[in-house]
Amino acid sequence: MPDEQPQIPYLELLAHGAPAEAYERPVLRARAHGLPPERLAALERAKLLALRVRSELEGRRRREAELSALFETAHDLAGLRDLDAVLQAIVQRARSLLNTEVAYLTLNDPVAGDTYMRVTDGSVSARFQQLRLGMGEGLGGLVAQTARPYVTDSYFDDARFQHTGTIDAGVRDEGLVAILGVPLMLGSGVIGVLFAADRRARVFEREQIALLGSFAAHAAVAIDTANLLGETRSALAELETANEIIRDRSSVIERASEVHDRLTELVLRGGGVHDVADALAEVLSGTVEFREAAACPPEAVNRSRADGRAVPHGEDWVAAVSAGGELLGALVLHGHPHLDPVDQLTLERAAMVTSLLQLARRSASEAEQRVRGELLDDLLDAPDRDPALLRERAARVGADLDAPHVVLAARIDRAGPATGPGAQHGGPDTPRGRTSPPEAAHPGPGGADGEPDAAADRQRLWSAASHLAATGRGLAAARDGGTVLLLPLGPADSAAETARRTARHLGAAIRVPVTVGASSPVTAPAARPGAVAHAYAEARRCVSALRVLGRSGQGAAAEDFGFLGLLLGDTGDGARIAGFVRGTIGPVIDYDARRGTDLVRTLDAYFACGASPARTKDELHVHVNTVAQRLDRVGRLLGPDWQSAARALEIQLALRLHRLSDAVIR
């Protein structure tokens, strides 16, 4: 011992891991042996140095144990796949590492803007387990708000935190005193707070705060990993479902593609809409029809356009045929209430092909309509055109200008009859001009300048008239606020019947009353181009006469009016005509209306039979005395001079006007 180096005993103590009190024994033995002071001082220095080395070694061993526990925790967390299990493992490990009575974890709620209790370990208070902390409230709220760790050895005595009644009540109910909280960080954002707490006063050392902070960092990553794993599982499940759908639909797509190729080949061969419907009916083993837009079931078509898919409609399926937001019609498959995906896709592809066909047909039709309109404009405005050139141009659109034709003037009468023909579209001397686009037409009978839908009405009238002319091998053009048509006249047709039929057709097509006046037949328009312009003026006078007589929305020809057509078409006034009729034969008309008699018809027959009662009774199939009694009643109603030449002429004119329009006198 006396000759022993002073550091050797302490090296042996360090090697054996002796307790701190054992380091005093070498000094005590040296004093007992009476070693000199310098040897005692050397031993004292060696002792202090050995104690420092021992403390350093113990710190390293403790740090190694903590890191080992941290790594084990991270490994455990990495092996967990359920978020609830991850959170529970976090608080359990935190409680174990710091040897505390309680550990708990809160997560931020971005929607509510606060943080709420998510998982606890060692907690016994239900109130505490249900706490929600606003940002900045309590120790946890402050940690969540500042993203910095906070520690207190006595929570209720610490004035750094914003104490609230709810939070303090929950902490007091749990009995917590010392609390350490560290933020769970992802990037620069806080997702929650990890706590370790004791129910007694305790000082958390800096190493413990750092340890819990490191653990919180691993825990935050584990939480994020669990969330990402959950999202990945959901994505994988969706992908698996998608793969199953793709496998199921691969044959569907292949079959639909084959059908599409077949339809394309059909179109390239020059097939039409109905050919597509026939081919589709063969493929689907059903009945397929193409319906125009006006005949489509509205509710089903609207759903099909909104979804872009074929939709069920009762026992049928409907696929809208549309382009550029415009409904062109629909394909309707009958008798298939349950359509498999292959057939549904086939129907939708057929609808797309049909829309292309409709657009192509429309483009061709519009071009043809322009050609027809330009030819008719030249007939009206350039009577000196070469007849051979006119025939050649007409032949290109399928018209035969060497056959008899009739000129028809069509006007929309949305607002009813006008007060006079000159007020709306003038007499025959009014300057006329071609109107290429219907939108540029002057206001016609269908509306005034200020009417918001007048231009749209004229456009629809022109479209309907052009279609009628094309299907009837005729011509049509927009003109003078309306439309003029040149239609062929068959051997059994009359101008009057053609006018009435055209008025009905156009009115039904555009769903607005259309008044149509027809000229006398034009035998060969190509040989006599000038006759077309005169016939158009005559047709316009018929339109004027119809409007004056209150017959808007009807059709008539010049032959229906005779000389009255000239009178009414050029100078007629509806109110004055009505006043003339009423002033002349009004008492007779009123008597018939009250008594149910037939005086007007008797009076008309009397004049038609040359004022002969005998011939009148044959015309009416009544006894001659009956005729005499009726005429006597007429005399009492109209006055004794009713058969004078002047009165008789006025009465006959009034009777003719009355026959033309009952509406005038009612």
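Which residues of helix 7 (residues 165-174) are buried? Here, buried stands for under 20% relative accessible area, exposed for over 50%, and partly exposed for anything in between (1.4 Å probe, protein chains only). The model is a predicted one, so to speak of local features takes pLDDT of at least 70 and side-chain atom pairs count only at pLDDT 80 or more, while totals for chains, interfaces and linings use all residues. Numbering runs from 1 along each chain as its sequence is written, and side-chain values rest on heavy atoms, with hydrogens and water left out.

In helix 7, the buried residues are I167, D168, G170, V171 and E174. They sit on the same side of the helix because they cover an arc of only 160° around the axis, taken from the directions from the helix axis to the C-beta atoms. Helices (H or I, at least four residues) and strands (E, at least two) are DSSP runs, numbered from the N terminus. Over on the other side of helix 7, G165, T166 and R172 are exposed. The cover for the buried residues includes strand 1 (102-109), helix 6 (138-146) and strand 5 (178-186), with contact meaning heavy atoms within 4.5 Å.

D480, with phi near 55°, is in the loop between strand 12 (475-479) and strand 13 (482-488), and counts as buried at 8% relative accessibility. H621, at about 60°, is in the loop between helix 21 (613-620) and helix 22 (624-638); H621 is exposed, with a relative accessible area of 70%.
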